[in-house]
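Please read this briefing alongside the sequence and the structure shown here. It begins with the chain as a whole and then takes up a few places one by one.

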Amino acid sequence: MSFCFNFDLPAQTTNPDDGDGIKLQNGKRDNAAKSVEDETKPAEPVKEAKEHLQLSDSQFFLRDAVTETVTIGALPPLHFLNETVFEKTASERDDGEEILSRTVAQRSDLISGVYEGGLKVWECTYDLLELIERDGETFGGKAVLDLGCGAGLLGILALKRGAKQVHFQDYNSTVIEQLTVPNVILNCHEDDEGDSEDEEGKGKILEEDGCKKKVKEVKDGDPPVKKRARDLSEHPLVAKCRFFSGDWSTFLTLLQNEEPQPKYDIIFTSETIYNTSYYPALHETLHKLLAPDGLVHLATKSHYFGVGGGLHLFETFVEQRGVFSMEHLWDGEEGLQRHVVVLRFKKEKAT
């Protein structure tokens, strides 16, 4: 099934390959200081945040599942449920948010304010994984937040590389319960058992932009997932995880009510700045949850056509707030440009 953006916002007619579109975007950046605050008004009622505590039901979503494995350089393999699973089994799943049926019916990867794209692994996530591999970054002893986590690959990588705790947050509870948590469980029991030589030989290898992905189907003859996933609530890696859903503003309030309040050494966020309406809540969340010497790793496209957000407007928004400095770690040069940037707190000038 072919999916596309279908934002419930006024569409822009700019063609990303049109030179006039580039000029328009440059003009937006020049005028952003005047307009960005006007563009960051909440578009939808907030979705109340909650923590997801029960893991046992997630074993169900691993039965007869189609999984993918992405391997990038020396990084440990990352396993995740293929998004086609959700298309084919939507009618069988408990989906109080009705995001599965709506995404299929509307053939959309994102419905603003209803479903924020968490069932799909977006391109910029792979960019950030490749950068982590290139720089040889490890996470030993660090507290990590995967903000807008979706499949949770960034947080799972930190978990596998020694993070002391990893918290996952996504807008939709369905995404957390039926994708993020099962993916963490999938990686935990795969690490416990290891991939046998026979398993390595199974599946079809796909390569996209230098990333190898193996699609394999768990068949009836394989060890039952339920048995393999037993007692995962006490697994040492799962014990380091917490899972949250809801709007960023209510998620922040939920954590601020804890004692002590969590602070994160590293916050990952990928493809989350597509809508300027979300910038105030996102910025406030980063501001209040980042540790004093912490880093925010943001992966994004230059511009998101149809909504109007993107790196240039977010850079201007960050500059206006004066809380963070921003450094470009990687800038793609082909097609609709993609970027990886890092945010850190500005240092107070010595007097």
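Among contacts in the chain between residues at least 6 apart in sequence, 73% join residues that are at least 24 apart. The model is a predicted one, and its chain has 11 helices and 14 strands. Of the 351 residues of this chain, 52% count as buried, and the structure holds 9 salt bridges.

**A glycine in a strand**

- Gly294 lies in strand β12, which covers residues 290-301, and with a relative accessible area of 2% this glycine is buried, because buried means under 20%.
- Although Gly294 and Tyr264 are 30 residues apart along the chain, their C-alpha atoms are separated by 6.7 Å.
- If neighbours within four places in sequence are left aside, Gly294 is in contact with Tyr264 and Asp265, and also with Leu343 and Arg344.

**The salt bridge of Arg344**

- Arg344, one of the residues in contact with Gly294, forms a salt bridge with Glu327, and the closest N and O atoms of this pair are 3.1 Å apart.
- Arg344 lies in strand β14 (residues 338-345) and Glu327 in strand β13 (residues 324-331), so the pair ties together parts of the chain that are 17 residues apart in sequence.
- Both partners count as partly exposed, Arg344 with a relative accessibility of 30% and Glu327 with a relative accessible area of 37%.

**The salt bridge of Lys47 and Glu97**

- The side chains of Lys47 and Glu97 meet in a salt bridge, with an N to O distance of 3.4 Å.
- Lys47 is in the loop between α1 (19-39) and β2 (50-52), while Glu97 is in the loop between α2 (84-88) and α3 (99-106), so this pair ties together parts that are 50 residues apart in sequence.
- Lys47 counts as partly exposed at 24% relative accessibility, whereas Glu97 counts as buried at 18%.

**A network of salt bridges**

- The side chains of Glu258 and Arg242 meet in a salt bridge with an N to O distance of 2.5 Å.
- This pair links distant parts of the chain that are 16 residues apart, since Glu258 is in the loop between α9 (248-256) and β11 (264-270) and Arg242 is in strand β10 (residues 241-245).
- Arg242 counts as partly exposed, at 22% relative accessibility.
- Glu51, Arg242 and Glu258 are linked in a network of salt bridges.

- The buried residues of α4 are Cys124, Thr125, Tyr126, Asp127, Leu128, Leu129, Leu131 and Ile132, and the helix is followed by Gly136, whose phi is positive, near 65°.
- How are α4 and α5 placed relative to each other, roughly parallel or roughly antiparallel? Helix α4 and helix α5 (residues 153-160) pack at an angle of about 25°, with their axes 10 Å apart, and because angles under 35 degrees count as roughly parallel, the two helices are roughly parallel to each other.
- The contact is made by Thr125, Leu128, Leu129 and Ile132 on the side of α4, and by Leu153, Leu154 and Leu157 on the side of α5.
- The residues of this contact of α4 with α5 divide into 6 nonpolar and 1 polar, with no charged residue.

Key:
Residues numbered from 1 in each chain as written. Predicted model: local features only at pLDDT ≥ 70, side-chain atom pairs only at ≥ 80, totals over all residues. Heavy atoms only, no water. Salt bridge = Lys/Arg side-chain N within 4 Å of Asp/Glu carboxyl O. Helix = DSSP H or I, 4+ residues; strand = E, 2+ residues; numbered from the N terminus. Buried < 20%, exposed > 50% of the residue type's maximum accessible area, 1.4 Å probe, protein only. Axes fitted to C-alpha atoms, helices over the stretch in contact; angles between N-to-C directions. Parallel < 35°, antiparallel > 145°, perpendicular 65-115°, else oblique. Contact = heavy atoms within 4.5 Å. Nonpolar A, V, L, I, M, F, W, Y, C, P; charged D, E, K, R; others polar.
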